[in-house]
Amino acid sequence: MSTSVPPGALLGWFDLHERDLPWRASGLDAWPILVSEIMLAQTPVVRVVGPWREWIQRWPKPSALAAESPGEVVRAWGKLGYPRRALRLHECATVLARQYDDRVPDDVDTLLALPGVGDYTARAVACFAFGRPVPVVDINVRRVIARAVHGRQHPGNPARTDLADAEVLLPRDERGGYAPTAPRFSAALMELGALVCTARTPDCENCPLSADCTWLRLGRPAHTGPPRRVQKFAGTDRQVRGLLLDVLRDTTGPVERGRLDTVWTSDTAQRDRALDSLLVDGLVEQTVDGRYCLAGEGG
C-alpha cells in the first residue's frame with residue numbers, strides 16, 4: 001500500500017483547525033477521555049459536549065460513578081442514544097474502582113478486558129489519553145483511507161485490515177520506530193474525516209491531502225459497491241424503547257404498566273417487544289407487584 005497521507009501536511013492542517021473540545025483539554029486524566037469516547041460512539045460531537053461536562057462534574061472519577069445506582073446512570077444518559085452504553089460504563093467504573101485503584105489502565109489489552117470497551121475505544125484511550133502510538137480507526141478514518149489511499153468514494157464493511165492500513169500511515173522516525181507525533185497524527189486523521197473528508201460533501205479544495213489523494217487523482221469515481229444503507233429511526237423498536245425509557249427517566253419510582261402503554265398505541269406488539277427487550281438488557285426491571293422502573297430502582 002502506497003502512503004498517500006503525508007504527515008507534515010496533515011499535522012500542519014490539524015494545528016490550524018483542531019476543534020477546541022473539552023476532552024482535549026490539557027491536564028485531563030484518562031477517565032474523562034474514556035467517558036467521552038463511549039459517549040461519542042454513534043453520537044455526534046454536538047450532542048455529547050453538554051452531557052459530558054455534566055457527567056465529569058458529577059462523577060469525576062470511576063468510584064463516584066460506581067457508587068451511583070444503575071437506574072440513575074441511565075437517567076443521566078438522557079438522549080445520547082443506545083442507553084446500554086450507560087450500563088456498561090457503570091460496570092466499567094465499578095471494575096476500575098475495585099481492581100485498578102480508580103485509574104484507567106494505559107495499554108490496549110488491559111483496556112479491552114473492561115466492560116463496554118471495544119477495540120476502537122481501547123485504542124482511542126491508549127492513544128489520546130496516554131500517547132501510545134497505536135492506530136485508531138473509526139468511520140472517519142476509514143473514509144479518509146478509502147479515498148486518499150485506495151481511491152474509493154466510501155469504505156467497505158469494517159475489517160481487520162483497517163488497522164493495518166492505518167498503522168502503515170503512522171509517521172516514523174529515522175530508525176523506523178514510531179515518531180513522537182504518531183498519536184497526534186491519529187487524532188488529525190480522524191479530525192480530517194469529521195470536518196473535511198465528509199461522507200456526503202467532501203471539501204477537496206481545502207483538504208491538505210488533495211495533492212496526494214488517489215480518489216481525487218482518479219477523478220472522484222462514484223461508489224460502485226452495494227447501495228449504502230441509511231439507518232432510519234422513526235417507527236423502529238429503538239424509537240419505542242426510547243419513549244418507554246423517557247417515562248421512567250421522568251419518574252423517581254416504579255410506574256404502572258398503563259403509563260407505559262400510552263406511549264405507543266399504533267402497534268401494541270411492537271411496544272410489548274420493545275419493553276421486553278429493555279427488561280432483557282437490564283435497563284428496566286419489574287417489581288414484585290408488577291410495576292416498572294429503571295434498573296436498581298425497584299426498592
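Predicted model: local features only at pLDDT ≥ 70, side-chain atom pairs only at ≥ 80, totals over all residues.
Empty space inside the structure was examined first. Rolling a probe the size of a water molecule over the atoms shows where empty space is left. Over the whole structure, two cavities of 30 Å³ or more were found. The largest cavity holds about 120 Å³ of space. It is lined by 15 residues, of which R147, C197, C204, C207 and C213 are the closest to its centre. Two elements, α9 (139-148) and α12 (214-217), each contribute two or more residues to this lining. Helix α9 provides the largest share, with three residues. In terms of residue class, the lining of the largest cavity consists of 12 nonpolar, one polar and two charged residues.

The second largest cavity has a volume of about 30 Å³. Its lining is made up of P135, V136, V141, A166, L170, F185, S186 and L189. Helix α11, which spans residues 182-195, gives the most to this lining, namely three residues. Seven residues of the lining of the second largest cavity are nonpolar and one is polar, while none is charged.

Contacts between aromatic rings were considered next. The search of the whole structure gave four aromatic pairs. One of them joins W55 and W59 in an edge-to-face arrangement, with 4.7 Å from centre to centre and 80 degrees between the planes. W55 is buried, at a relative accessible area of 3%, and W59 is likewise buried, with a relative accessible area of 3%. W55 also pairs with W77, again edge-to-face, with the centres 5.6 Å apart and the planes at 75 degrees. Because W55 belongs to helix α3 (residues 45-58) and W77 to helix α5 (residues 70-77), this pair ties together parts that are 22 residues apart in sequence. W77 has a relative accessibility of 1% and therefore counts as buried, the cut-off being under 20%. Through these ring pairs, W55, W59 and W77 are linked into a cluster.

A contact between a charged residue and a ring was also found. R147 lies over the face of W215, at 4.8 Å from the ring centre. R147 is also among the residues closest to the centre of the largest cavity.

Key:
Residues numbered from 1 in each chain as written. Heavy atoms only, no water. 1 Å grid on protein atoms, 1.4 Å probe; cavity = no way out; pocket = protein on both sides within 12 Å on 5 of 7 lines; lining within 4 Å. Points joined across faces, edges and corners; volume = space filled by probe spheres on them. Helix = DSSP H or I, 4+ residues; strand = E, 2+ residues; numbered from the N terminus. Nonpolar A, V, L, I, M, F, W, Y, C, P; charged D, E, K, R; others polar. Phe/Tyr/Trp six-rings, centres within 6.5 Å; stacked < 30°, edge-to-face > 60°. Buried < 20%, exposed > 50% of the residue type's maximum accessible area, 1.4 Å probe, protein only. Lys NZ or Arg CZ within 6 Å of the ring centre and 35° of its normal.
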